[in-house]
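Visitor: I would like to learn how to read a pocket and a sheet in a model. Please show me the structure and take me through it.

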Amino acid sequence: MQYDLFISYSRRDNAAGRVTELKNRIAHDFEAFAKRPLRPFFDMTEIHGMDDWRHRLLQGLRDSHLLLACLTPAYLESDYCEWEFNEYMKHEVDRALLGEGVAPIYFIEVPG
């Protein structure tokens, strides 16, 4: 299955549902703009029971057009998050060689 977006985050940051809420807001805005539902890879809904979670994550990363990395201190401390990010970047390099990759976008706060 192809996904529009892979949401990479630390589970600690979703303890109160903040990442789930972010996903829902993005999905709502996307549908209003694109006139179709967003197809996100979100582990809470895409990995079930006895699934091999590592394999499902890797397949989700490869089948996603974009990666949304929710960078927080917990994300940066997580070995799993680092693995997801690195696997996506490896796949992006391969896609870029075929002319299919996307450029990373960085949001920074500019004083003033």
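Visitor: Which classes of residue line the second largest pocket?

Guide: A pocket is an open set of points on a 1 Å grid over the protein atoms alone, where a 1.4 Å probe fits, with protein on both sides within 12 Å along at least five of seven lines; lining residues have an atom within 4 Å of a point. Ala, Val, Leu, Ile, Met, Phe, Trp, Tyr, Cys and Pro count as nonpolar, Asp, Glu, Lys and Arg as charged, the others, Gly among them, as polar. Here the lining has nine nonpolar, three polar and four charged residues. This is a predicted model: local features need pLDDT of at least 70, side-chain atom pairs count only at pLDDT 80 or more, and totals for chains, interfaces and linings use all residues. Residues are numbered from 1 along each chain as its sequence is written, and side-chain values use heavy atoms, without hydrogens and water.

Visitor: Which residues lie nearest the centre of that pocket?

Guide: Tyr9, Arg11, Asp43, Tyr80 and Glu84, out of 16 lining residues. Strand 1 (3-8), helix 3 (53-62) and helix 5 (79-97) each give two or more residues to the lining. Helices (H or I, at least four residues) and strands (E, at least two) are DSSP runs, numbered from the N terminus.

Visitor: In what order do the strands of the sheet run?

Guide: Two strands pair if DSSP finds at least two bridges between them. The three strands form an open, parallel sheet in the order 2-1-3. Strand 2 (40-41) and strand 3 (64-69) are the edges, each pairing on one side only. Strands 1 and 3 share five bridges, and Phe6 has Leu67 in strand 3 as its bridge partner.
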